[in-house]
Amino acid sequence: MNAESPAHLRQLAVEAVRRLQTSGFTAYWAGGCVRDIQLGREPKDFDVATNATPDQVAGLFPGSVMVGKSFGVVRAPVSGVFFDVATFRTDLSYSDGRRPDAVCFSDPPTDAARRDFTINALFYDPVRDHILDFAGGMEDLTRRVIRFVGNPRQRIQEDHLRMLRAVRFAATLDFSLEPGTASAIRDNAALIT
């Protein structure tokens, strides 16, 4: 995504969070970058989650690109490097087994509850060096387990691709599938076609 050095990319990602926070918004790194840092891996990119609306984000980051305004996602530049900045949200109904029909903006605990796996539902405040874990992701990282957030069958019904992602994460991270997650994947495997 970027030709930036990992240290420089991280510094710019901290600046993205700091800019939102100094403007009065809540902002954290979210998802895979937090997981990777906790595992001692270098993140390939940094996603930011905030309570700022897409229009507010765009106002703070001139040159922003609205890639998914209806879903609360803005590509925001910091010194020429773009970061995905998403407004905390909850997903409403899913009719295609892949993407939500609509979203409502929410707060960090609600946003974490709609994510795929506990290890991807972590937030990190790089300014204050603080992790927020609303779904038990840190315990699952320690136990090296892939577990759906909440009801595994519901997570699969929302997005069938999550079954493949679970298996991919288990293989690439050398984690095991939590029994309820594995059972739900076996029971719903035909949906992936």
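Predicted model: local features only at pLDDT ≥ 70, side-chain atom pairs only at ≥ 80, totals over all residues.
**Helix α1 and what lies around it**

- The buried residues of α1 are Leu9, Leu12, Ala13, Val14, Ala16, Val17, Leu20 and Gln21.
- These buried residues pack against several strands, namely β1, β2, β4 (73-78), β5 and β8, and also against helix α3 (54-60).
- Just after α1 comes Gly24, which takes a positive phi of about 95 degrees.

- Strand β1 (residues 27-30) runs antiparallel to strand β2 (residues 47-50), and 4 bridges join them.
- To place that pairing on the structure, look for Ala30, which stands opposite Asp47 in β2.
- β1 also pairs with β8, again in the antiparallel sense, over 2 bridges.
- Here the bridge partner of Trp29 is Tyr124 in β8.
- β2 pairs with β5 in the parallel sense, over 3 bridges.
- Thr50 stands opposite Thr87 in β5.
- β5 pairs with β4 as well, in the antiparallel sense and over 6 bridges.
- Ala76 stands opposite Phe83 in β5.
- The hairpin of β4 and β5 has 2 residues between the strands, and in it Ser79 takes a positive phi near 50 degrees.
- β5 is mostly covered, with 5 of its 7 residues buried.

**Aromatic rings**

- The structure holds 8 aromatic pairs.
- In one of them, the rings of Tyr28 and Phe88 have centres 6.2 Å apart and planes at 45 degrees, so this pair is tilted.
- Tyr28 belongs to strand β1, while Phe88 sits in the loop between β5 (81-87) and β6 (89-91), so the pair ties together parts that are 60 residues apart in sequence.
- Are these two residues buried or exposed? Tyr28 counts as buried because its relative accessibility is 12%, and buried means under 20%. Phe88 is buried too, at 0% relative accessibility.
- Phe88 has a further ring partner in Phe123: the centres are 5.8 Å apart and the planes stand at 90 degrees, so this pair is edge-to-face.
- That pair also links distant parts of the chain, since Phe123 lies in strand β8 (residues 122-125), 35 residues from Phe88.
- Phe123 is buried, with a relative accessible area of 0%.
- Ring pairs link Tyr28, Phe88, Phe123 and Phe134 into a cluster.
- A charged side chain meets a ring elsewhere in the chain: Arg168 lies over the face of Phe169, at 4.8 Å from the ring centre.

**Arg115, a buried arginine**

- Arg115 is found in the loop between α4 (108-113) and β8.
- How does Arg115 count in terms of burial, buried or exposed? With 14% relative accessibility, Arg115 counts as buried.
- Which side chain makes a polar contact with the side chain of Arg115? The partner is Asp111, at 2.8 Å.
- Leaving aside residues up to four places away in sequence, Arg115 touches Ala30, Gly31, Ala49, Asn120, Ala121, Phe123, Val149, Arg155 and Arg162.

**Ala112, in helix α4**

- Ala112 lies in helix α4.
- With a relative accessible area of 1%, Ala112 is buried.
- Its C-alpha atom is separated by 6.8 Å from that of Ala135, although Ala112 and Ala135 are 23 residues apart along the chain.
- Which residues does Ala112 touch, not counting those up to four places away in sequence? They are Ala121, Phe123, Phe134 and Val149.

Technical notes: Residues numbered from 1 in each chain as written. Heavy atoms only, no water. Phe/Tyr/Trp six-rings, centres within 6.5 Å; stacked < 30°, edge-to-face > 60°. Buried < 20%, exposed > 50% of the residue type's maximum accessible area, 1.4 Å probe, protein only. Lys NZ or Arg CZ within 6 Å of the ring centre and 35° of its normal. Pairing = 2+ DSSP bridges. Polar contact = N/O pair within 3.5 Å; in protein donor to acceptor, adjacent residues only side chain to side chain. Contact = heavy atoms within 4.5 Å.
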